[in-house]
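Here's a quick briefing to read alongside the model. Have the viewer open and follow along.

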Amino acid sequence: MTRQTLPAVTPEGGFNRYLREAWKFPMLTADEEYMLSRRWLDHGDVDAAHRLVTSHLRLVAKIAMEYKGYGLPIADLVSEGSVGLMKAVRKFDPERGFRLATYAMWWIRASVTEYVLHSWSLVRTGTLAAQKKLFFSLRRVKNQLGIIDNGELTPEDASQLSEALSVSERDVVHMNRRLSARDSSLNLRVGEDGDAEFQDLLPDETPNPEMLMAERQESTSRQALLQRTLGVLPERERQILTERRLSDEPVTLEELGQRFGISRERVRQLENRAFDKLQKAMLEAAPA
């Protein structure tokens, strides 16, 4: 499913208009949602997918509003949330017994979160799980603890926040400074005579050609080693391991169980056994 084949209401004309349009689409009953989902999965019915999306646009708006405090256009937040909703519709399995809204909520929030992290600043704050948690939780926890500062935390406040957020004091201080500072233009003139731009003072962190070549060679070597060692596995175990751990979209235990005519637990056992064999073979085959 792509954005071209799955139409959706866009926030053109302002957020209030978007809300009015979103509320025109009726909510779906559980039976309606199930039948539409099956039509999309079984027959690629774009009209069915469109109804699934439009019936959840108000959920996109609700989640987008949770992120309005980061200074980004609400229309962009809604647009990114809609992308997450489309991904959810594409991957939704009505046979699992829960509603689309429950499943889509995660995809919508993940899509908006990624957009905020990558757009909030010209210099990224980081995308590791701990950094994401810190980025989105620091303000809330500061309010809960009654901490007020002008961008610089006292050692006591930093220690208190570090314990509450389970991250280092250094990370807390750094993120607090980032959240308290305004982004500056890269073309801002600096220096006594204004003879340089801010971007001229930024260190070049791009890898040098030698590093890139070494990383490329190492990656090629690892891939070749992986392909060789996969050959030690029986055909069924190799397929299960590939589908479960080497695929961008892992297949469920239930699907593999149906394919091979075995139970989900047996698939899990074969997966773990194949992984152990692969690890052992790669260690033995790796150069000393």
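Searching the whole structure turns up 1 cavity of 30 Å³ or more. A cavity here is a set of points, on a 1 Å grid over the protein atoms alone, where a 1.4 Å probe fits but cannot get out, and its lining residues have an atom within 4 Å of a point. Grid points are joined across faces, edges and corners, and the volume is the space filled by probe spheres set on the points.

Keep in mind that this is a predicted model: local features need pLDDT of at least 70, side-chain atom pairs count only at pLDDT 80 or more, and totals for chains, interfaces and linings use all residues. Residues are numbered from 1 along each chain as its sequence is written, and side-chain values use heavy atoms, with hydrogens and water left out.

**The cavity**

- The largest cavity has a volume of about 30 Å³.
- Its lining is made up of Ser37, Trp40, Leu41, Leu52, Val89, Phe92 and Leu100.
- Helix 2 (residues 30-43) supplies the largest share of that lining, 3 residues.
- By type, the lining splits into 6 nonpolar, 1 polar and no charged; Ala, Val, Leu, Ile, Met, Phe, Trp, Tyr, Cys and Pro count as nonpolar, Asp, Glu, Lys and Arg as charged, and the others, Gly among them, as polar.

**The overall build**

- The protein has 13 helices and 2 strands, taken as DSSP runs numbered from the N terminus (helices are H or I, at least four residues; strands are E, at least two).
- Of its 288 residues, 33% count as buried; that means under 20% relative accessible area, with exposed over 50% and partly exposed in between (1.4 Å probe, protein chains only).
- Take the contacts (heavy atoms within 4.5 Å) between residues at least 6 apart in sequence: 59% of them join residues at least 24 apart.

**The largest nonpolar core**

- A nonpolar core is a set of buried Ala, Val, Leu, Ile, Met, Phe, Trp, Tyr and Cys residues joined through side-chain atoms within 4.5 Å.
- The largest one has 46 residues, and Leu77, Leu85, Val89 and Ile108 touch the most other members.
- Helix 6 gives the most to this core, with 8 residues.
- Setting aside neighbours within four places in sequence, Leu77 is in contact with Ala64, Tyr67, Lys68, Leu72, Val112, Tyr115 and Val116.
- As background, nonpolar side chains tend to be buried together in soluble globular proteins.

- Met105 sits in helix 6 and counts as partly exposed, at 33% relative accessibility.
- Beyond its neighbours within four places in sequence, Met105 is in contact with Leu59 and Ile63.
- C-alpha to C-alpha, Ala110 and Glu80 are 9.4 Å apart, while in sequence they are 30 residues apart.

- Helix 4 (residues 57-65) is mostly covered, with 7 of its 9 residues buried: Leu57, Arg58, Leu59, Val60, Ala61, Ile63 and Ala64.
- Ser82, in helix 5 (residues 74-91), is buried with a relative accessible area of 6%.
- Not counting residues up to four places away in sequence, Ser82 touches Tyr18, Leu57 and Val60.
- Tyr18 lies in helix 1 (residues 15-22) and is buried, with a relative accessible area of 1%.
- Tyr18 and Ala75 are 57 residues apart along the chain, and their C-alpha atoms are separated by 8.8 Å.

**Two loop serines**

- Ser55, in the loop between helix 3 (46-54) and helix 4, is buried with a relative accessible area of 2%.
- Leaving out neighbours within four places in sequence, Ser55 is in contact with Phe25, Pro26, Met27 and Leu28.
- Ser166, in the loop between helix 8 (155-165) and helix 9 (169-180), is exposed with a relative accessible area of 61%.
- Ser166 has a positive phi of about 60° although it is not a glycine.

**Helix 11**

- Glu237, Ile240 and Leu241 are the buried residues of helix 11 (residues 235-245).
- Seen down the axis of helix 11, those buried residues fall within an arc of 95°, so they line one face of the helix; the arc is that of the directions from the helix axis to the C-beta atoms.

Definitions and conventions. 1 Å grid on protein atoms, 1.4 Å probe; cavity = no way out; pocket = protein on both sides within 12 Å on 5 of 7 lines; lining within 4 Å.
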